[in-house]
Amino acid sequence: MSATHEVANQPPPHEGYNAFTSNPWLVAAARRLPVADAAMALGDFVGSRDAQALAREANRNEPELRTHDRYGNRIDFVEYHPSYHALMAKAIGSGVHSLAWTAPQSGFTSRAVIFYLWNVLEQGTACPVTMTFAGVQVLRQSPDLARTWEPKVLANAYDPRPLPVAEKSNVTFGMAMTEKQGGSDLRAVQTVAERTADGSYRLTGHKWFCSAPMSDAFFTLARLPEGVTCFFVPRSLPDGTRNPFLIQRLKDKCGNRSNASSEIEYRDTTAWIVGEPGRGIPTLIEMAHLTRFDIVVGTAGMMRSAFAEALHHARHREAFGKKLAAHPLMANVLADLSLEAQAAALMAFRLARAFDASDARERAVQRTLTPVAKYWHCKRLPVMTVEAMEVLGGNGYVEEAPLARLYREAPLNGIWEGSGNVICLDVLRSIAKSREGLDALLEDMAGVGDERLSRHAKAIGDAIAKPEGAETLARRLVEQIAVGTQAVLMAREANAAAADAFIASRIAGDGGRQLGTLPASARTAEILS
């Protein structure tokens, strides 16, 4: 009987590796940055058995809402599994939330290296980390609040205790914008704010989606006579009492299981204004611009994770007399996954460099490229996870494999911070307001010296020159800009085999509509090496 339980031809666990040093794209992005030591240490953690166990446990043991204590007092407390707190402590302790603001140079690129690595491991914890990072930008519009809160935000010491800010070693931020009647239309906000004698406000209303409701403070929208306005809502008030922040229920989500998302109610809730009255949507769009940047970086890390799992399996699993990776058709699939993941990484770090730059051209590029890259990465990630899961077959479809969790996680980023249509319309508005960013990207395409890319750039320029039907064709236009930008980066930074195959399949049309349809001329072995 024991002979039937012998385990053979199964890959070893994909663990005990350094997720930083094993990724040449990431090592190249970190070159000459002051983040290499931190990335090395975090890479060891991400590739460890312990870290992967924490990610698995945090997603299996979902947060639970405790609305009242045993005596009937309202507490609105979200209880997390210890694995979640361990992951948050590692992320915050590594500066995943703060490095953009504290690094001595190239802060956005340095932080992108760390955030990319984190998303190779686990994505639920990335939500509060992202909002905390992006919230700094909005917080600075209120100098009084920033003086008290920013030092605690930037501290690399996780502190989940529900206490006033003065008693905390670190704080995290959340967002609460969406209402059930409005969705993406933030102009439909019905929550109201009333000014009090001490200069604060009292909010009354309901928010349909509030992620990470255990955060220490939230940026939210409410209506004043001047219009929709941005407010800052702390969970604990200076006197130690809990601010009325009634958690109605937790959302039962498809994925993102380790992170709680909730419906909340404001009932005479204390808040302070941030920015100008009536300018709440533009104020919070600044935060959303940064969270979209994080989505670009995070999805690139998730693509790397999917590809790495598929490649590890295929290099160890044998079928029909040889390793899976040695079969030509499988090599085509793996090479195509590699191209997709590399192009995503290159575009993420191209965007990070634009955020770090101070010249007008690069500022224009980051304004245009942020929604373009957000749209395209979010469309490609689900496709990649499905293909990577198929490489593993049934082994990839079970919950013990990280690909099942990644598969459930993949659609979220396409919904969060603007669904595909909203993002593409944002691109059109950005281009209509200023052509400088798009023109810079088109110049890059035309300047590579590849006639195929020059024709691609001209086609985009011709399409922009015809405003009729622009909204109908917005998705096609954004896709063309994204793929053209990736092709430029592959031509400049990838090895020749990868660059040739990417341009041939994505720009010249010598490829199919699915992954694994690279032309016969593609040097798959060289790409995978």
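Guide: Let's start with a term we'll need: a crossing is called left-handed if the near helix is turned anticlockwise from the far one by less than a right angle, and right-handed if clockwise. Keep in mind that this is a predicted model. Now to the pair itself: helix 11 passes helix 13 in a left-handed crossing. On the helix 11 side, the contact is made by Thr385, Val386, Ala388, Met389 and Leu392, and they meet Leu403, Ala404, Leu406 and Tyr407 of helix 13. Sort those residues by class and you get 8 nonpolar, 1 polar and no charged residues.

What about the geometry? Two packed helices are described by the angle between their axes and the distance between the axes. Here, helix 11 covers residues 360-392 and helix 13 covers residues 402-409, and their axes come within 9 Å and cross at roughly 160 degrees. Angles over 145 degrees count as roughly antiparallel, and helix 11 and helix 13 are therefore roughly antiparallel to each other.

Stepping back, UniProt has an unreviewed entry that places "domain: Acyl-CoA dehydrogenase/oxidase C-terminal" at residues 278-431. Over residues 278-431, the chain is 82% helix and 3% strand, with the end C-alpha atoms 25 Å apart.

As for the whole chain, it is divided into domain 1 (24-277) and domain 2 (282-528). The C-alpha centres of domain 1 and domain 2 lie 28 Å apart, and 46 residues of domain 1 are in contact with 35 residues of domain 2.

Note on methods:
Residues numbered from 1 in each chain as written. Predicted model: local features only at pLDDT ≥ 70, side-chain atom pairs only at ≥ 80, totals over all residues. Heavy atoms only, no water. Axes fitted to C-alpha atoms, helices over the stretch in contact; angles between N-to-C directions. Helix = DSSP H or I, 4+ residues; strand = E, 2+ residues; numbered from the N terminus. Parallel < 35°, antiparallel > 145°, perpendicular 65-115°, else oblique. Contact = heavy atoms within 4.5 Å. Nonpolar A, V, L, I, M, F, W, Y, C, P; charged D, E, K, R; others polar. UniProt positions renumbered as here; feature names shortened; annotations may be inferred. Domains from an automatic or database assignment.
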